[in-house]
Amino acid sequence: MQLGENILTHKIQHKSEDFFKYEASAKPMQDDNPDDGFVVTPWNIQGEIDYDRLIQKFGTQKMTDSLHSRITRIAGEDHFMLRRGIFFSHRDMDRILDEYEDKGRKFFLYTGRGPSGHTHIGHLVPWVFAKWLQDRFGVKMYFQLTDDEKFYAKSGLSMEETRGFALENALDFIALGFKPDNTKIIIDTRDISTLYPIAARVAKQLNFSNTKAVFGFTGETNLGMIFYTSLQSAPCFLEDAPVLIPLGVDQDPHFRLTRDVAPKIGRPKPALLHNIMIPALEGTGGKMSASSQNGTIYTTDAPNQVKKKINKYAFSGGQPDIEQHRRLGGNPDIDVSYQYLRIFFEPDDSKLRAIHDDYRSGRMLTGELKAILIERINEFLHEHQARREKARDHLEDFLLDGDTR
Ligand code: TRP
């Protein structure tokens, strides 16, 4: 596809999901303690994640009650994703708030998405939270769509396909209510003239050993992957202001490198706010993945598809039969339907608490819990899909122009 041409109408070719099967050029990240039983890297998530252990391993800071209260005080309201530990960890969030409060210095927000397929409901979590931060703090936002990254990382995807998914994913982002006057969308292959001079400054400060150690690259890793962290770093330095990045914790390794580079190029280190991985429908191990269509609810799914997927695939913390369930109760901690309500679809604490207690005690059956989730998701998607279609007419207003800076 020609740059700029057809940008609004470009259609994505549909392929079977197997086609998108993940083929990383990286081996799992070197792990200091393989006995942990889980792996978290940008291209590989495995096992049951122990988030306290992950904080130690990655060397991040835990979200504390006092930091949570401080965010709430400055924002003027609480957010359920903070209350419920969905954003469980950070780097330098306190510094961002110090500068904001003491010096009146505004930060800007940055997050992104690797367009390897259609948007899942799990992808929306950091974007919804970013929108809340943007509104409460009155700041700018950059959203990066890394069509180059997914082209490099997945041998089955062409550049036309990743570009096409980038444009489709952008609609989901815009549908969450962002406005073009304070929000810009970056598409790597389209906006490279803006990114490249910054990426080059970053790349000059990184060597192969740095990325090899962080990502486990080998001699067979393609060169695009090796350079890629420089491009994901570039938006951090688009503005002469501190940057705050809400993101899935699997993306932390890229920004660990960015943070090392920042002082060497005379820029502030990016601050990060990490969210937990959103479980796939089929279980809590790992994030929602495009490689299993069954384990995934897309933002474009019809109500009957949502219903079918949840009823058939959503991992249940219930007992094998009704008699036992009434007697022993269900386990909300491992029940994916309950977790989706907690993470995203039931912001009201008292309603969530009632569902929790009823399920735990056996008063509520798995089928009833699933029915609640199906209704909540379909309500959300009904609105979202309408806003998503409207976004097609405004997409161009959000795109970063190709200016060099
Ligand atoms: N690499 C990310 C992904 O695969 C996409 C991305 C680019 C990103 N820039 C980001 C994610 C900044 C979080 C924050 O999804």
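Strand β5 gives the shell around the ligand its largest share, four residues. Helices (H or I, at least four residues) and strands (E, at least two) are DSSP runs, numbered from the N terminus. The structure is a predicted model, in which local features need pLDDT of at least 70 and side-chain atom pairs count only at pLDDT 80 or more, while totals for chains, interfaces and linings use all residues. Residues are numbered from 1 along each chain as its sequence is written, and side-chain values use heavy atoms, with hydrogens and water left out.

The shell around the ligand holds 15 residues, of which Tyr110, Gln144, Glu149, Gln232 and Gln251 come nearest; a residue belongs to such a shell if one of its heavy atoms lies within 4 Å of the molecule. By class, five of the shell residues are nonpolar, seven polar and three charged. Here Ala, Val, Leu, Ile, Met, Phe, Trp, Tyr, Cys and Pro count as nonpolar, Asp, Glu, Lys and Arg as charged, and the others, Gly among them, as polar.

For Gln251, the separation between a side-chain N or O atom and a ligand nitrogen is 2.9 Å. On its own the ligand has 370 Å² of accessible area, and the protein covers 92% of this (Shrake-Rupley method with a 1.4 Å probe). Two or more shell residues come from each of β5 (108-113), α6 (147-153), α10 (223-233) and β8 (243-248).

The structure holds 20 aromatic pairs; rings of Phe, Tyr and Trp (its six-membered ring) pair if their centres lie within 6.5 Å, and planes under 30 degrees apart count as stacked, over 60 as edge-to-face and the rest as tilted. Trp43 and Phe217 form a tilted pair, with 6.0 Å from centre to centre and 35° between the planes. Trp43 lies in the loop between β1 (38-41) and β2 (44-47) and Phe217 in the loop between α9 (208-215) and α10, so this pair ties together parts that are 174 residues apart in sequence. Trp43 is buried, with a relative accessible area of 7%, and Phe217 is buried at 4% (buried means under 20% relative accessible area, with a 1.4 Å probe and protein chains only).

Terms used
A polar contact is a pair of N or O atoms within 3.5 Å; within protein, one must be able to donate a hydrogen and the other to accept it, and residues adjacent in sequence count only if both atoms are side-chain atoms. Buried means under 20% relative accessible area, exposed over 50%, partly exposed in between (1.4 Å probe, protein chains only).
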